[in-house]
Amino acid sequence: MIGATATDTEMQNDFGRYLTIVADGKEVIVTKNGKEVARLIPRNAAVSYLTDSLTGILKTNTDLNQAKEEGLREKYETAD
């Protein structure tokens, strides 16, 4: 559940306010120059997200080494 959207300057100037929103269980989207650059989410949501992601991977018949290699290749491949 999104609690607020803040620019980088608003976040810097009023961090306590946004931290309170996150502590209340809501997320805060941080923007810079009109683009989303970060999300602050409650700790429980982060743990849940990671657990759900891993559970999804482990339930499928995925070759983890191949998935890792493909992910690294996509992330770090340079144009020739």
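Two strands pair if DSSP finds at least two bridges between them. Strands (E, at least two residues) and helices (H or I, at least four) are DSSP runs, numbered from the N terminus. This is a predicted model: local features need pLDDT of at least 70, side-chain atom pairs count only at pLDDT 80 or more, and totals for chains, interfaces and linings use all residues. Residues are numbered from 1 along each chain as its sequence is written, and side-chain values use heavy atoms, with hydrogens and water left out.

**Exercise 1.** Describe the sheet and find its edge strands.

*Solution.*
- Three strands form an open, mixed sheet in the order 1-2-3.
- Strand 1 (2-7) and strand 3 (35-40) are the edges, as each pairs on one side only.
- Strands 1 and 2 (residues 27-32) run parallel, joined by five bridges.
- Within this pairing, A4 stands opposite V28 in strand 2.

**Exercise 2.** Locate Y18, then decide: is Y18 buried or exposed?

*Solution.*
- Y18 sits in helix 2 (residues 15-23).
- Its relative accessible area is 5%, so Y18 is buried (under 20%; exposed is over 50%, partly exposed in between; 1.4 Å probe, protein chains only).
- Beyond its neighbours within four places in sequence, Y18 is in contact (heavy atoms within 4.5 Å) with A4, A6, E10, M11 and V28.

**Exercise 3.** Which element has the lowest mean pLDDT?

*Solution.*
- pLDDT is the predictor's confidence in each residue, from 0 to 100.
- The chain mean is 81, and 71% of residues reach 70 or more.
- Helix 3 (residues 43-59) is lowest at 66; helix 1 (residues 8-13) is highest at 96.
- Where pLDDT is low, predicted coordinates should not be read in detail.
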